[in-house]
Structures are given as structure tokens and as C-alpha cells.
Amino acid sequence: MRIKNWGIFGFVAGYHLLLIALFPFYIAHFSWSSLVLMLITFSLAGISITAGYHRLFSHKSYEANPFYEWVVLITSTLAIQASALRWSNDHRLHHSFVDTDKDPYSIKKGFWYAHILWLFDFNEPINPRIVGDLLKNPRVMFQDKYYGWLTLAVNAAVFGIGCLFMHPWAALVGGVILRVFAIQHCTWLINSLAHTWGAKTYSQELSAVDNAVLAFFTFGEGYHNYHHAIANDYRNGVRWYQFDPTKWLIWTASKIGLTKNLRSINKIRVQQTLVSKDKELFLKRISKEFDETAAQLRHKLEELSAAFEEKAGALTNKLKELKEATAERRKLLILEVRQLQKELHILWKSWISLSQFTVKKYSIAY
Ligand SMILES: [Zn+2]
Ligand SMILES: [Zn+2]
């Protein structure tokens with residue numbers, strides 16, 4: 001690979017080397033306050049990237065008022081991941097062309113390419129057709145225009161504040177360099193590890209996976225299989241027990257009027273969409289197979305997806321009925337809903353194992 005973006009390469013390689021060179025000074029002047037400073041700035045950087053750059057600007061999965069936008073546009077400079085405009089442009093390309101040559105950080109080009117090397121290689125200009133909406137947002141445009149100065153000012157301010165409480169070496173390494181290193185690698189792991197190692201809970205045909213460990217370090221972004229399947233949901237971890245602090249923050253902000261129109265897709269609809277998408281894909285991929293297994297598989301795919309569709313429809317209707325039911329009728333309806341939910345869950349599990357079998361059996365490349 002030939003390096004095209006020398007500026008980015010210089011910055012990334014430079015701070016890695018600086019970190020190695022200065023680490024002994026950090027250890028020598030270590031204080032717990034430097035760790036606290038690192039954790040605070042790491043969290044601010046991380047959450048502004050996930051809630052701001054990713055779910056707000058790239059995917060428009062909710063709306064936010066100008067104050068909220070300013071906060072995330074400023075704090076995101078702690079992550080030094082380019083302007084929101086540039087980031088959203090590349091990320092929208094990633095979703096539209098995932099796993100193809102047009103995907104800026106395609107995992108097909110290898111783990112390290114998706115993780116970091118693409119930064120030195122991908123240099124297509126921002127496409128107004130892709131980010132036309134953001135070009136009309138004056139706050140996003142201001143951040144893009146003055147990105148370098150803002151980044152410098154915010155990081156210098158962190159260093160300055162740090163110096164009040166700790167040795168300058170601890171403030172520089174802990175508060176700035178180590179934090180930039182940590183947050184950048186965590187974000188990059190979404191492009192590399194979350195397209196490599198984990199479970200395909202929802203969509204079988206994409207390389208994206210769900211990885212709970214990664215979700216812990218990335219403020220909920222580890223549920224990447226769901227995210228690629230349903231990208232405009234403001235949540236990535238859709239189950240109540242899944243660690244997704246970004247979703248909790250967006251939801252809490254909506255309660256105090258900072259955000260609104262949160263888009264969330266109902267679980268039954270999500271599964272219905274995925275079953276029909278996966279079915280189409282599998283039937284297409286095995287259309288040239290004429291052995292006995294393929295014939296049986298075709299039959300099974302049709303049969304199971306039809307059963308799923310029917311049960312999902314019945315459950316949706318029953319839930320509608322429940323909303324309008326009288327107190328007396330509710331008791332009975334709740335029992336019926338629970339039964340249907342159980343049956344649908346069994347069908348969903350069968351669908352998942354049938355999909356996994358199909359993918360393995362016919363080495364379906366995704
Ligand atoms: Zn992805
Ligand atoms: Zn995304």
C-alpha cells in the first residue's frame with residue numbers, strides 16, 4: 001500500500017512514537033489525578049463520537065438542539081478523528097458500500113487495513129451528494145472550517161487544567177497523548193474487530209458482528225451487527241441488559257428537551273425485515289445448486305420464513321388489540337401475547353440456526 005495521506009500518517013505515527021518515548025516520564029510522575037483526567041477526557045471524547053458524530057450526524061437517528069450539537073462538536077475534538085463532516089462522509093460510504101471496494105474501511109482488505117491503514121490510503125474528497133444535509137448545518141460547517149484550531153485549543157486547555165493538579169509530564173501524557181491513543185484505537189476496533197470477531201445475531205449476510213466486550217470500551221457501539229442491519233435506530237444495544245450508555249444518554253437528553261424524535265425500530269419489525277432479507281439472499285446464492293440438500297433447504301427456507309411472517313403478523317395484531325382492550329379482556333390477551341411471543345422466539349431461533357447452516361454449507365461469502 002502506498003501512503004497517500006502523509007499528514008495523517010505523520011500525526012498518527014508521531015504520537016505513537018511520542019507515547020513510547022514519553023511513557024517513562026509519565027510513570028516517573030504518575031499521579032491518580034492523571035488517570036482521572038484521562039478517564040474523564042476519554043469518556044467525553046468517546047461519547048461525543050458515538051452520540052454525536054455517529055448516531056446524530058452520520059445516521060440522523062434523532063434530532064438535537066443547537067446547544068447539544070455545539071457540546072458534541074467541541075468535545076469530539078478530544079478524539080482527533082477529523083471533523084464531523086469528514087467523519088460522516090466516510091461513515092455513510094461505509095454503510096452504503098460495506099464489504100466492497102467502495103467501502104473506505106472495508107474488512108475485505110484485511111484487519112489492519114480496516115483498523116488503521118485506510119486512514120493513510122483513503123483520500124477521496126467530501127461528496128456533497130452524500131452529506132448535503134450536513135453542508136446546510138452552520139455548526140457542523142463551523143467545526144469543519146476551524147477544526148485544527150478547535151482541536152488545538154481544546155487539547156491545550158486540557159493540558160493547562162491538568163498542570164494545575166499534576167506534574168506537566170503526567171498532564172501531557174495521561175491527559176492528552178495516552179487518551180488520544182486509547183480513544184482512537186477503540187473507535188478503530190469497531191471497523192476492524194467488530195467486523196471480525198463476534199456473533200451475527202441479526203443479519204447473516206454482512207461481515208459486521210455483535211461483540212459485548214467491545215461495546216464496553218466503545219460506549220455501546222460493539223453491537224455492530226444490529227447497527228448494520230438497522231442503521232437508523234438510535235440504539236445499538238437494543239436489549240435492556242445490553243451495555244449501551246450512548247442510548248441511555250440520548251434518551252435522558254430527550255427527557256430534558258435536548259434531543260427529540262428518537263428513532264427506534266420495534267423488535268418484531270426488525271426480525272421480520274431480517275428474515276425476508278436473509279431469505280432473498282440465500283435463495284439467490286443457492287439458485288445454481290441442484291443437489292438434494294439445496295432442494296430441501298429451499299423448501300425449508302420458504303416454509304420457515306412463511307411461518308415466521310404469519311406468527312409475527314398475529315403477534316402484531318394481538319398487541320394492537322391489547323392497546324385498545326378493556327381491563328377485563330386484558331388479562332386474557334396478555335396470556336395470548338406471551339404465548340405468541342414464545343412461539344415467535346422459537347421460530348426466530350430456528351431461523352438463526354438455519355441461516356448459520358446455509359452460510360456454512362454453501363460457504364456464502366459476506
Ligand atoms: Zn461497520
Ligand atoms: Zn454506523
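**View 1. Histidines H95 and H54 at the zinc ion (ligand 2) in a predicted model.** H95 is buried, at 17% relative accessible area (buried is under 20%, exposed over 50% and partly exposed in between, with a 1.4 Å probe and protein chains only). H54 is also counted as buried, because its relative accessibility is 3%. H54 belongs to helix α2 (residues 32-58) and H95 to helix α4 (residues 84-96), so the pair ties together parts 41 residues apart in sequence (helices are DSSP runs of H or I with at least four residues, numbered from the N terminus).

**View 2. Residue W149 in helix α8.** W149 counts as exposed because its relative accessibility is 64%.

**View 3. The two domains of the chain.** Domain 1 covers 6-260 and domain 2 covers 267-361 (the bounds come from an automatic or database domain assignment). Their C-alpha centres are 36 Å apart. Nine residues from domain 1 and 12 residues from domain 2 take part in the contact (heavy atoms within 4.5 Å).

**Notes.** Residues are numbered from 1 along each chain as its sequence is written, while chains are lettered from A and ligands numbered from 1 in the order in which they are written. In this predicted model, local features need pLDDT of at least 70, side-chain atom pairs count only at pLDDT 80 or more, and totals for chains, interfaces and linings use all residues; side-chain values use heavy atoms, without hydrogens and water.

Key. Helices (H or I, at least four residues) and strands (E, at least two) are DSSP runs, numbered from the N terminus. Donors are N, O and S atoms within 2.8 Å of the metal (3.2 Å for Na, K and Ca); water is not among the atoms, so sites may look incomplete.
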